[in-house]
Structure formats: structure tokens, C-alpha cells
Amino acid sequence: MSLPATALRMLGAIAVAGAAGWALMRLFDEGLGRLEKVAWSFAVGLVTQCGIYLFWRSLDPGVGWGRILLADGVLAGCSLVVRRARGDFSLGSVREKGGWPRPSIWLLALVAAAGWSVFLVQALSEPMWATDFLAIWGLKGKVIFQTPQWAERLFSDAGLFWSHREYPLLVPVSLATFAAMIGGWADQALALLWPACELATILTVAGFVGRHASGFAGAGAAALVALCFPLFQAVNVGTAEVPLAFALTLVGCALLDVMESGSAARLARLAAASVFCVSTKQEGTLFVVLSALVLTTRHRRMPGRKWAGAGLALLAPAAAHWVLLRLVTGPQSRRDFDFTLLAPGRWSELAVRMETVLRRFVETEARTALIPLLAIAAFLLVTRRGVGDVLWPIFAVQLACYAVAFSISAYDPAYAFDAAFRRLAVALFPAFLLILCTRGVGIEGADVIQTGSPPSVRPPKPEGSAA
Amino acid sequence: MRSSSPRPRSGLSFRRTAAAALLAIVGIALATSLKPREFARRADLLVRALRGETIPSGQGTRYWFDPAYAEFLEEVRRRTPEDARVVILAPRVPDTYAYLAVYVLAPRRVLTDPGSGEPGFVASYRSAPGARGEPITQGTLERR
């Protein structure tokens, strides 16, 4: 089949996933703007389609688009029934701040569109080729799609010892699901999943910042995400970094929303984001756990027992995913890390390795990114705290954990750092923009968040909560 | 609370301008990592693929280390059933040789250890003249 034909089918499959997600999202889309609803629908749809695919796959290896659509229809019907029972027929969305978009906003939106188009072209230009795609994500997806006894093959075949059996499976199962929907393993058309993830990331950040700061700030954040070419580049097509960046952004937004108001809808969204994040990559699990820790440190600012509910919404999916993955993969040994370095007898060796990693960071990455890092530091000086600032500890500890991970690598720590740090760090960037772009006075209208906002967006804080 | 207090308009304006300019610097720094020549190459590949042209493996990125390996794997894929075991004898460096063999030939079970002794096929890439098995494009294929 030609590329235009398979690409059109893939676009259709992505649209179907989004529609299925939208049907479910309507049950817990409280407080979201239009842009965010599109992004969340895509995320929920992706997870849902994977669940449906695995269900049918367990009954019969030959799953086609018909059965997936049938299940989507059933889910949409169930969603409608629940909404009718609740008397909820609203299609409205929270509007981003500001009136009709001004030329400056259109200009920034144009920059975002151009940046996204660049990634779209790179993603679709040839069949996916990244080493991690061939050895891990794409290989697993193809095996799941084409091999009847896929679990046995992936997790017991000694010939695949290098394929990281312990990794989460959302990306491979997504690829297998879309392959089933488009009628074959077309690894050039399947690459559209990555620009779709980027677009969803852009919409999530733009929507969230737009609703908490201003339309201008939202458009600026969208442009910054789209211009993050170190993340959205050809070598990352087919790997888990781009979906992970989207997942981290979802968790960040959902966490901040829950901290404002721990309604059931927002807790459900946080749980959905947690599912997406932990099933994408192990770094996502770390982010979720750190988010839960941040919740515990801020529990006095949250009403009643809402913080406990939020913690449960974050950690229960992570725990359930861990158990499920363990059941599927069986016990798998980790070959990437040498945990004996953590033993007291080897602390001096560990200290040397940590120094190597830190020196490597200063001499390579920090020097390369000196200008943007200084610009960010200056930006923090001229702006004031925003709603996203509570996320600081998550990013700081996440990066510290990366440093520790490189230090206890089974390989040379400098080699491990060079091989992975940049792509791990840039995956954090879109979510990090939730901190930058919601800071006060930084961008026009952002100072409003310090003094309150429309009730539909930010419900009044309950008595006893901190300002 | 701080933003509720009145502020000099000029100071506010300066901070806004400075903040926007600093984020613009971040955006420009990120954007400069794009390699225009590489992007142009990819755009050309995409246009040709959309026209229905088959892109030679030497012009793509997947077989950057050895374009001829694509022909060999395609030939092995064409000549072996999907449920077969295939031993691939190819260079060990870069390890992309092994990754590509396993990926391209899936769902076949691919082994890279010649001593496995399991029944199936042995495909040798660029094997020396006189190697056992039937000659195929860029190598030989032996059934055992």
C-alpha cells in the first residue's frame, strides 16, 4: 500500500482514538478548555484503544478495525448513559483568558504550527529508523502485532535479551493497535503517532497556560514547545521520549488542577494521566511518585482529605501497572545498573562516578545550553511565583535521580550520560514550561493568577487553606 | 498578594518586555538546533515517498551503516516462512545489524548465534565464495 493511503488510514485511526477518548473524557472534563479537551481525548483514547486491542488480542490474534470500532461504540454508548443519568449534556468549555485572539497571538500560533510542521515532515519522511525503535519500541510493537504468542516471545526469547523486557508497553501496544486499525504494519505511516503526540503536548501546555495566565502566554508556551527541536527531531521518532513528554505534561497539569480543587472529575483526570505516564516509560513512574511526594508536602493547603485522594489517584494506577507488567513480563533482571555501588563499601567509588557525571554535565550539556539556561535564570529573576512553581521539586529531584542513575550505571558513567542525558532532559521541557509560562508578570496577563480568576476556572479556596 | 499592590506602569512594562524577550531567547536557542540541510533532505524524501517513489536504502537513514544489508534482509524475508527460525550471520559491529535483522524479519524467530543448532535457516551476509547454501542477494541461505 502507498504512503498516502496508509497515512490517511493512520490519520483516521488517530481520529477514531481521539473520538473514543472524547466520549470518555466528557465524564471528567470539568474545568478544561477546548485545546486541552482535544489533547486529553487523544491521551484517554490512546490508552482505551490499547486496552480494547489487548482484550480482543487475547481472544483472537487477528484483530481488525471492526472489532475495535465496535468496542469504541459500546464505550461511547456507556458514556452517554452515564451522562444522561447525571443530567449532564453540556458541551461547553472553559475559555482561555482574553478575548478574540490578537495578531501577536496569531503570530505565535503560526510559529507553533511551523515548528510542528517541521517535526511532521521529519517523522513521515522515511520508515522509522532510530536504534531504540528497531531494538525496543518498534520491535515489541511488531512482535505484538504479528506473533500469536507475543508475550512468550518478548519476555522469554533469549535472542531478545537486549530489548529491555522490563520497559512499559504503552508505546509498543499503541503501535500494534494502530497497525491493526490500518490493516498492516506500515512503519512509515505509523510514525504519525509522534507528531500527534507533539500536537497534543502543544495543545495541553497552550490550553493550561492560556487558562491560568493569558492567551498570549498560552500561545507563547505553544511556540516554545513546538520549537523544542532537540526533543522533536527525527532521531526521537519511534522512541518513547515524545510520548513521555506528553505524559509528563498531562500529569503536571492534572496535579496543578487537583491542587486548586480536588473534585472527582479532576481526580479522575489525575488518575488517567498517571496511567498514561507510568505505562509510557520508567521515568514517567518516577515523575508520578515525585508528584505524590509533592502532594504530601502540600497537604495542609488542600481541603479535607483531598490530598489523600489525589495521592491515591497518582499512586494506585502506578502500583496496578507495576503488578500487571510484572504478571505479563515475569521477573526480569536489570542489566543497566550496578546496585552494588550503593553498598557502603563502594561509596568512595560511587563518589568518583558522581563527580564524573557532574563534571560531564558542566563540561558538555551546561556549556552547550548556556544561553537558554542563563535566559531562564534571568526570566525567573524578573518574574514572580506562579501556580506552576509547586512543580519545582519534582523537576529538581527527577534530574538528581538521573544523575544518580548514571552514577550507578553498569557501563562507564560518562558513556551512559552522553548516551541518554540530553534526550531524558529535553523530554522534561514541555512540562517545565508549566512553571515558566504561568509565572506572574512574566507575560501579559499572567499577574492575574496572583489575584484570582473566574470561578469556572479556579473555584474559591475553602476556609482554612493557605493563600 | 504582591501583584494586588499598585506598581509603576513603566516597571511592569519593563518586566513584561524583559520576560518575553528572555523566553524568545530560549525559543531561538532551541530552534537553532534544527539542521536546515538535513531537514531539506527529509522534506525531499517525503515528497518522493508521497509520489509513490521507492526510496533506495542508500538514501534513507535506516541502513546508514551498510545500504546493501537492506537487500539481503529483504531477500531472506521473501524466502523464509513467517514461523521459521533464522540464524543471521552478519558483522557484530555496529549492533544495528542484529537489531535490524530481528526487526525486519519479525515475526520470524531470529538468532545471531551460529552455534544454536536449532532447525531452520542460516542466512550468511556477504558470505565468502563456496559458502554452503543457496546464493541469494548479498549472501547465502541454507536450510538445515
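How many salt bridges are there between chain A and chain B? In this predicted model, the count between the two chains is three. One of the residue pairs joined in this way is Glu126(A) with Arg42(B), in a salt bridge whose closest N and O atoms are 2.7 Å apart. Polar contacts were also counted between chain A and chain B, giving 13 residue pairs, both residues of each pair being at pLDDT 80 or more.

The side of chain A that touches chain B draws on several helices. At least two residues each are supplied by α1 (3-25), α4 (103-124), α5 (131-146), α15 (370-382) and α18 (429-436) of chain A. The largest share, nine residues, comes from α5(A). By residue class, this side of chain A divides into 34 nonpolar, twelve polar and nine charged residues.

In terms of contacts, 55 residues of chain A meet 42 residues of chain B. The area buried between the two chains is about 4,400 Å², and carbon and sulfur atoms give 69% of that area. Leu134(A), Val382(A) and Arg384(A) together supply 14% of the area that chain A buries against chain B, more than any other three residues.

Aromatic pairs were examined next. Over all chains, the structure holds 27 such pairs. A pair of aromatic rings is described by the distance of the centres and the angle of the planes. For Phe246(A) and Phe276(A), the ring centres are 5.3 Å apart and the planes stand at 75°, so the pair is edge-to-face. This pair links distant parts of the chain, the two residues being 30 residues apart: Phe246(A) belongs to helix α10 (residues 241-260) of chain A, and Phe276(A) to helix α11 (residues 264-278) of chain A. Phe246(A) counts as buried because its relative accessibility is 0%. Phe276(A), with a relative accessibility of 2%, also counts as buried.

Helix α17 (residues 413-426) of chain A holds both Phe417(A) and Phe421(A), which are four residues apart, or about one turn of the helix. Both of these residues are buried.

In chain B, ring pairs join several aromatic residues into a cluster. The residues linked are Tyr63(B), Trp64(B), Phe65(B), Tyr69(B), Phe72(B), Tyr97(B) and Tyr125(B).

Definitions and conventions. Residues are numbered from 1 along each chain as its sequence is written. Chains are lettered from A and ligands numbered from 1 in the order in which they are written. This is a predicted model: local features need pLDDT of at least 70, side-chain atom pairs count only at pLDDT 80 or more; totals for chains, interfaces and linings use all residues. Side-chain values use heavy atoms; hydrogens and water are left out. Contact means heavy atoms within 4.5 Å. Buried area is the accessible area (1.4 Å probe) that two parts lose on being put together, summed over both. A salt bridge is a side-chain nitrogen of Lys or Arg within 4 Å of a carboxyl oxygen of Asp or Glu. A polar contact is a pair of N or O atoms within 3.5 Å; within protein, one must be able to donate a hydrogen and the other to accept it, and residues adjacent in sequence count only if both atoms are side-chain atoms. Ala, Val, Leu, Ile, Met, Phe, Trp, Tyr, Cys and Pro count as nonpolar, Asp, Glu, Lys and Arg as charged, and the others, Gly among them, as polar. Rings of Phe, Tyr and Trp (its six-membered ring) pair if their centres lie within 6.5 Å; planes under 30 degrees apart count as stacked, over 60 as edge-to-face and the rest as tilted. Buried means under 20% relative accessible area, exposed over 50%, partly exposed in between (1.4 Å probe, protein chains only).
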